[in-house]
Amino acid sequence: MSETRDPAIETAKRRKTPAKPKGRITMTDIARAAGCSQATVSFVLNNSPGIKLSQQTRERVIDAARALGYIAPAFSALRKPVAAFDGLDGVIGFAVDQLATSPEAVVAIEGARQASWNAGNVLLVAQTMGDAVMEPRAIQALTRRGISALIYMTIFTREITAPDYLYSLDIPVILLNCYTADYAFPAVVPSEIAGGQNSTRHLISHGHRRIATITGEPWMQAAQDRLKGYRRALATADIPFDPELVVEGDWSASAGYAATVKLLALKDRPTAIFCQNDRTAIGCYEALKEAGLHIPQDISVVGYDDEEIARHLFPPLTTSILPHMAMGQWAIEQLEAPTAPGQGRYPITKLECPLVERESVRAVKAG
């Protein structure tokens, strides 16, 4: 049987400098450019011990990573560190309520790990599930390990009532993806309103005026803020808000499918759909294709989150990056000037959700 060759990989092999993908660079991008598996890339970039790889393979991976602009600890000696700070004893705690089911948490931890390792510090991670009994025990276990700072993360962006034990810690505490009403801790969240506004504005700039949106669950702050951004963009462009074009979803592909079917049944159907996460966009794609419509020739689609699947859809999905990697790095950077927990007021830092333009948006058809 003849070997099936991936044209993308063969092209990448022939290039001296791989084409740089839009958005953050992943190990999958490097694997394509280097013509090897993602596992091989991981082994090389993380200097995994006990893995026997040829020097030629290692050099090919490193060359591809450098050409694409990938930032990893392996290159810390060649690049300016993401963060460097004094006063830590080499161990930083990271407590998150959900980890196993959340790619966002993993990305944030990776950002913090990169920044920590660049300065020679180790990150200890604990999953707490927000449990009233086990969470304080988990954080106590981290502090007994001698951590010199704590990053406290929630998987859903929201205001929290910080537990008393966070105020009583004698080490710096940074809040990631959450914040408190008293502004007692440095906190960072995504700029979701601006993200929703930029996504909608992108469609408006392509001539679309009949723009639908499929939301997340309405109790979630991210869904509320992305919808606010959508409405703000319409108002700025003098496009009347039409509640018929807003369909509630639950972030799932099945909800995206059902919502799109509902939108297509409208007498005056939309020319573009803003899906408020990428999984919703997957279902939207399926419903549009099932209806015999082409993306973006008939209807343009925009997603949100920039999950790995977004670049592999056909056509590749225009979407926004959730800046969890940058948020993890930001949290480490704040430790350059540690302050006593609960003894100051800190503004909430909001990081941009950059739009990654791919091939799912086209100018609206004339007439």
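The following questions and answers go through a predicted model.

Trainee: How are the residues numbered, and what confidence do local features need?
Mentor: Numbering starts from 1 along each chain as its sequence is written, and side-chain values use heavy atoms, with hydrogens and water left out. Totals for chains, interfaces and linings use all residues, side-chain atom pairs count only at pLDDT 80 or more, and local features need pLDDT of at least 70.

Trainee: What is the order of the strands in the open sheet of four strands?
Mentor: Helices (H or I, at least four residues) and strands (E, at least two) are DSSP runs numbered from the N terminus, and two strands pair if DSSP finds at least two bridges between them. Strand 7 (246-248) and strand 9 (300-302) each have a single partner strand, so they stand at the edges. The pairing is parallel and the order is 7-6-8-9.

Trainee: Over how many bridges do strand 6 and strand 7 pair?
Mentor: Strand 6 covers residues 211-215 and runs in the parallel sense with strand 7. Thr215 stands opposite Glu248 in strand 7. The number of bridges is three.

Trainee: At about what angle does helix 9 run to strand 6?
Mentor: Axes are lines fitted to C-alpha atoms, for helices over the stretch in contact (heavy atoms within 4.5 Å). Angles are taken between N-to-C directions and run from 0 to 180 degrees. Helix 9 (residues 221-236) lies across strand 6, strand 7 and strand 8, and its angle to strand 6 is about 170 degrees.

Trainee: How many bridges join strand 1 to strand 2?
Mentor: Strand 1 (residues 91-96) and strand 2 (residues 122-127) run parallel, and Ile92 stands opposite Leu123. The bridges number six.

Trainee: Is Asn177 buried or exposed?
Mentor: Asn177 lies in strand 4 (residues 173-179) and touches residues including Ile155, Val189 and His324. Buried means under 20% relative accessible area, exposed over 50%, and partly exposed in between (1.4 Å probe, protein chains only). The relative accessible area of Asn177 is 0%, so Asn177 is buried.

Trainee: Which backbone oxygen does the side chain of Asn177 reach?
Mentor: Ile155 is among the residues that Asn177 touches. The side chain of Asn177 comes to 3.1 Å from a backbone oxygen, that of Ile155.

Trainee: Why is the pair of Phe156 and Trp219 classed as it is?
Mentor: Rings of Phe, Tyr and Trp (its six-membered ring) pair if their centres lie within 6.5 Å; planes under 30 degrees apart count as stacked, over 60 as edge-to-face and the rest as tilted. Phe156 is partly exposed at 33%, whereas Trp219 is exposed at 54%. The ring centres are 5.7 Å apart and the planes stand at 85 degrees, so the pair is edge-to-face.

Trainee: Which residue does a cis peptide bond join to Ile295?
Mentor: The residue sits in the loop between helix 11 (278-290) and strand 9. Omega of the bond is about 5 degrees, and the partner of Ile295 is Pro296.

Trainee: What is phi of Asp306?
Mentor: Asp306 is found in the loop between strand 9 and strand 10 and counts as buried at 0% relative accessibility. Phi is positive in this residue other than glycine, near 55 degrees.

Conventions:
Polar contact = N/O pair within 3.5 Å; in protein donor to acceptor, adjacent residues only side chain to side chain. Lists of a residue's contacts leave out its neighbours within four places in sequence.
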